[in-house]
Amino acid sequence: RSLATAGLEIANLLRRKKLEQARKRVGYIVGRKTSDLDEGEITRATVETVAENTVDGIIAPLLFFACFGSLGAIFYRTVNTLDSMLGYKNDRYIYFGRVAARLDDIANYIPARITAVLFVLGAAILGHDWRRAVRITVRDAHKHPSPNGGYAEAPVAGALHIRLGGYNTYGETTSFRAYMGDPVRPLKAYHIMKTIGLMYICTLLGLVLSMVVSKVILSLF
């Protein structure tokens, strides 16, 4: 709900051509510099954030809860929060932050790939291009600098016929993130709405999957 609220607010600001306010709002949910972003880049930042947080904010905690109970969910959120706070490649956090980042990568490895499948199923349910979502995931997901991030972004990019990734500025440093998808359609505010729709469908499918997994585990023990 928090993701949806933030995304919808940014989309509405873009539709009302309030770029300065949209830049400020997207800066609340991403770490990159947002002061010079245009509509397409604001949309990209929002879509990428909603897609990636579908993994570590929703599906992964559900699966950890289904498999390991409340302590499993708490453990996962602790690892994920440590990564958010300390997982930076700078002099202050390079050693301890590296441990947090690697733990997060391990914890998200399976949930990220399950989320990719759920995004494809969600695309089919909502009438998006699920075949292209599969194709782009296979082609591009592994290109992401994170071993898991591409499995959230690539299926969304494919399903919506958009391209994610590109140049991002963090502080004074600009870096390139591998492209996910093809620029068939220019990035617009409505793509944020569609990504939120995919997130909700993915969440419902994730709930069903988590209940099935939980029942299977309970039957075994």
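**Side-chain contacts and a pocket in the predicted model**

With a relative accessible area of 18%, D105 is buried (buried means under 20% relative accessible area, exposed means over 50%, and partly exposed falls in between, for a 1.4 Å probe and protein chains only). The structure is a predicted model, in which local features need pLDDT of at least 70 and side-chain atom pairs count only at pLDDT 80 or more, while totals for chains, interfaces and linings use all residues. Residues are numbered from 1 along each chain as its sequence is written, and side-chain values use heavy atoms, with hydrogens and water left out.

The side chain of D105 meets that of R102 in a salt bridge, at 3.6 Å from N to O (a salt bridge being a side-chain nitrogen of Lys or Arg within 4 Å of a carboxyl oxygen of Asp or Glu). R102 and D105 lie three residues apart in helix α4 (residues 96-126), so about one helical turn separates them. Helices (H or I, at least four residues) and strands (E, at least two) are DSSP runs, numbered from the N terminus. In the whole structure, the search finds 13 salt bridges. As a general point, side chains of opposite charge can pair when their charged atoms come close.

Another of these contacts joins R139 to D182, whose closest N and O atoms are 3.0 Å apart. Here distant parts of the chain are linked: R139 belongs to helix α5 (residues 130-140), and D182 to the loop between β2 (173-181) and α7 (189-220), 43 residues apart. R139 is partly exposed at 35% relative accessibility, and D182 is partly exposed at 25%. Both residues take part in a network of salt bridges that links R132, R139, D140, K143 and D182.

E153 and R177 also form a salt bridge, with an N to O distance of 3.6 Å between their side chains. This pair, too, connects distant parts of the chain, with E153 in helix α6 (residues 150-160) and R177 in strand β2, 24 residues apart. The relative accessible area of E153 is 0%, so E153 is buried. R177, at 16% relative accessibility, likewise counts as buried.

What of the cysteines, and how many disulfides does the structure hold? It holds zero (a disulfide being a pair of cysteine sulfur atoms within 2.5 Å). The explanation is distance, because the sulfur of C67 is 16 Å from the closest cysteine sulfur, that of C202, which is too far for a bond. C67 is partly exposed, with a relative accessible area of 33%, whereas C202 is buried at 0% relative accessibility.

Turning to the aromatic residues, four aromatic pairs are found across the whole structure. In one of them, the rings of F64 and F68 have their centres 5.9 Å apart and their planes at 50°, so the pair is tilted. Rings of Phe, Tyr and Trp (its six-membered ring) pair if their centres lie within 6.5 Å; planes under 30 degrees apart count as stacked, over 60 as edge-to-face and the rest as tilted. F64 and F68 are four residues apart in helix α3 (residues 39-86), so about one helical turn separates them. F64 is buried at 13% relative accessibility, while F68 is exposed, with a relative accessible area of 58%. The rings of F176 and Y179 have centres 5.1 Å apart and planes at 85°, which makes the pair edge-to-face. F176 and Y179 are both partly exposed, F176 at 42% relative accessibility and Y179 with a relative accessible area of 30%. Ring pairs also bring F64, F68 and Y76 together in a cluster.

Helix α4 gives the most, with five residues. On a 1 Å grid over the protein atoms alone, where a 1.4 Å probe fits, a pocket is an open set of points with protein on both sides within 12 Å along at least five of seven lines, and lining residues have an atom within 4 Å of a point. The space in the second largest pocket is about 160 Å³, a volume being the space filled by probe spheres set on the points, which are joined across faces, edges and corners.
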